[in-house]
Amino acid sequence: MKRTYLGEFEEIVLLTVAVLDGQAYGVVLMHEIIEQTGRSVRLNQVHSALQRLEEKGMVNSEMGEPTNERGGRRKRLFSVTAYGHRTLQEIQEVRVSFWSRLTSPLKLSV
């Protein structure tokens with residue numbers, strides 16, 4: 001299968017869907033990404049990334065059950081596909097390889 005490359009934000013969204021393991025939907029994803037990255041993120045950005053990831057075959061979605069806190073409305077829940085998991089593994093392997101090849105630790109100035 002041909003490798004599909006992800007942008008940084010798509011990678012973060014895909015990782016967050018994986019971390020939330022079956023409980024991932026737009027608002028929760030947005031809050032988790034903001035909390036973990038400190039980035040300013042809008043819901044429409046998360047939805048756009050989810051749509052692209054679904055088109056690439058890396059996530060699936062299904063409608064959840066209606067909930068009282070949403071006035072009886074249903075949530076679209078996202079989960080990572082096998083292809084999405086393989087892609088995340090490949091990304092991790094590439095990053096670990098580069099980090100392990102650094103000859104000296106990064107010195108960050110404060």
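In helix α1, the residues Phe9, Glu10, Glu11, Ile12, Val13, Leu14, Thr16, Val17 and Leu20 are buried, where buried means under 20% relative accessible area, exposed means over 50% and partly exposed lies in between, with a 1.4 Å probe and protein chains only. These buried residues of α1 pack against α2, α3 (43-55), β1 (59-63), β2 (76-80) and α4 (82-100). Helices (H or I, at least four residues) and strands (E, at least two) are DSSP runs, numbered from the N terminus. The model is a predicted one, in which local features need pLDDT of at least 70 and side-chain atom pairs count only at pLDDT 80 or more, while totals for chains, interfaces and linings use all residues. Residues are numbered from 1 along each chain as its sequence is written, and side-chain values use heavy atoms, with hydrogens and water left out.

Four helices and two strands are present, and from the N terminus they follow the order α-α-α-β-β-α. The C-alpha trace spans about 55 × 40 × 20 Å along its principal axes. Of the 110 residues, 32% are buried. Among contacts (heavy atoms within 4.5 Å) with a separation of 6 or more, 53% join residues 24 or more positions apart.

In soluble globular proteins, nonpolar side chains tend to be buried together.

Just after α1 comes Asp21, in the loop between α1 and α2. Asp21 has a positive phi of about 40° although it is not a glycine. Most residues other than glycine have a negative phi. Asp21 counts as exposed, at 64% relative accessibility.

The largest pocket has a volume of about 170 Å³. On a 1 Å grid over the protein atoms alone, a pocket is an open set of points where a 1.4 Å probe fits, with protein on both sides within 12 Å along at least five of seven lines, and lining residues have an atom within 4 Å of a point. Grid points are joined across faces, edges and corners, and the volume is the space filled by probe spheres set on the points. The lining consists of Glu8, Ile12, Leu15, Thr16, Val19, Glu32, Ile33, Gln36 and Thr37. The elements giving two or more residues to this lining are α1 (8-20) and α2 (26-37), with the largest share, five residues, from α1. By type, the lining residues are four nonpolar, three polar and two charged; Ala, Val, Leu, Ile, Met, Phe, Trp, Tyr, Cys and Pro count as nonpolar, Asp, Glu, Lys and Arg as charged, and the others, Gly among them, as polar.

Finally, Glu54 is found in α3 and is partly exposed, with a relative accessible area of 33%. Not counting residues up to four places away in sequence, Glu54 touches Val59, Asn60, Ser61 and Phe78.
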